[in-house]
Amino acid sequence: MSDMDITQQIEVALKKQGNPINGKDSEDDSLQYPSITEWKRSIGMLGEEHDATTTSVTPSKSRQQWYKTGLGYWDDEETCPATVDGMLGGFARISKCDLKGSAQFIRYIKSHIRPSLKLTSEENGDVPTCACECGAGIGRVSKGLLLPLGISQCDLIEPSPRLISSAPEYLGSSASKCRFFCTGLQDFQPKADSYDIIWMQWMIGYLTDDDLVQFLKRCVPALRKGGVVVVKDNTCSQEAFVVDRDDASTTRSLPYIIAIAELAGLHVVHQQLQEGFPADIFPVPMVALAADR
């Protein structure tokens, strides 16, 4: 399925439910986009590929530049120190509240919705459980959430060499329970039947729609029985998307995110809004996804 096909299907799904498909720039109010398609065309993400020798902008070149800009932001010590504050964009004060809300969310799912979800090796017949922290940075979620939940091993996936190399020191004694992969999710190939939880927090905005759909598709066979993909991210409500050109990210609406998940063959198991965050930041829902019904 091409990016054009994916974009059109997302727009159809949003319009069918009466949701907006327009978007805007996060800083420049004069940059308004009537649709997802028009925004992607404006930055060269949609269009025809040409001969590799051409100097014109092609969708593949635009995609490469998009990821280069995002990686440059996170790999820069000045814009993103290898600390919890750096991982949270200056909002280290919300980390404790965030981790508490995430833990309650997972425990509720296990207790009330998916008792087959395994958190500990004891629950799994002494077979170690495993989670994947996507866009892990220094491993804040692995250290503060996944391992304390009883997960035996965490795989940290992070494209920034600087951040992933800083993770073992931050994790301390927990580092022995972790494996480290320096790669972007657009290139990561999870093995089949390997994860009980795939955790995606504050990072899906750095993936293009087509790469996000394709990665979520790869997550389906990677989940173990009872396993879930959890997306926890900023969302907008007045528009379908808000673009931040500084770090090459896109904040999507919740219906937009769910439309992408459904294109990948996933459905919503449970969703809940994170409480206790400052009123001046985007709403942050937690959405658990699975392929089985």
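The dialogue below takes these features in turn.

Q: What should I know about the model before reading it?
A: The model is predicted, so local features need pLDDT of at least 70 and side-chain atom pairs count only at pLDDT 80 or more, while totals for chains, interfaces and linings use all residues. Residues are numbered from 1 along each chain as its sequence is written, and side-chain values use heavy atoms, with hydrogens and water left out.

Q: At what angle do the axes of H1 and H8 cross?
A: Helices (H or I, at least four residues) and strands (E, at least two) are DSSP runs numbered from the N terminus. Axes are lines fitted to C-alpha atoms, for helices over the stretch in contact, with angles from 0 to 180 degrees between N-to-C directions. Under 35 degrees counts as roughly parallel, over 145 as roughly antiparallel, 65 to 115 as roughly perpendicular and the rest as oblique. Here the axes of H1 (residues 3-16) and H8 (residues 209-222) cross at roughly 90° and come within 9 Å; the two helices are therefore roughly perpendicular.

Q: Which residues make the contact of H1 and H8?
A: Contact means heavy atoms within 4.5 Å. H1 contributes Asp3, Ile6 and Ile10, and H8 contributes Asp209, Asp210, Val213 and Gln214. For classes, Ala, Val, Leu, Ile, Met, Phe, Trp, Tyr, Cys and Pro count as nonpolar, Asp, Glu, Lys and Arg as charged, and the others, Gly among them, as polar. That gives three nonpolar, one polar and three charged residues in the contact of H1 with H8.

Q: Is serine 102 buried or exposed?
A: Buried means under 20% relative accessible area, exposed over 50%, and partly exposed in between (1.4 Å probe, protein chains only). Serine 102, in helix H5 (residues 95-113), counts as buried because its relative accessibility is 1%. Beyond its neighbours within four places in sequence, serine 102 is in contact with Leu145, Trp199, Gln201, Lys232, Gln274 and Met286. Leucine 145 lies 43 residues from serine 102 in sequence, with 7.3 Å from C-alpha to C-alpha.

Q: How many cavities of 30 Å³ or more are there?
A: Rolling a probe the size of a water molecule over the atoms shows where empty space is left. On a 1 Å grid over the protein atoms alone, a cavity is a set of points where a 1.4 Å probe fits but cannot get out; a pocket is an open set with protein on both sides within 12 Å along at least five of seven lines; lining residues have an atom within 4 Å of a point. Grid points are joined across faces, edges and corners, and a volume is the space filled by probe spheres set on the points. The count is two cavities of 30 Å³ or more.

Q: Which residues line the second largest cavity?
A: Its lining is Ile204, Leu212, Leu216, Val231, Ile257 and Ile260, six nonpolar residues with no polar and no charged ones. The second largest cavity holds about 40 Å³. The largest cavity holds about 90 Å³, and its lining has five nonpolar, two polar and four charged residues.

Q: Which helix gives the most to the lining of the largest pocket?
A: Helix H3 (59-74) gives the most, with seven residues. The volume of the largest pocket is about 1,300 Å³. Among its 50 lining residues, Trp74, Trp202, Tyr206, Asp247 and Ser249 are the closest to the centre.
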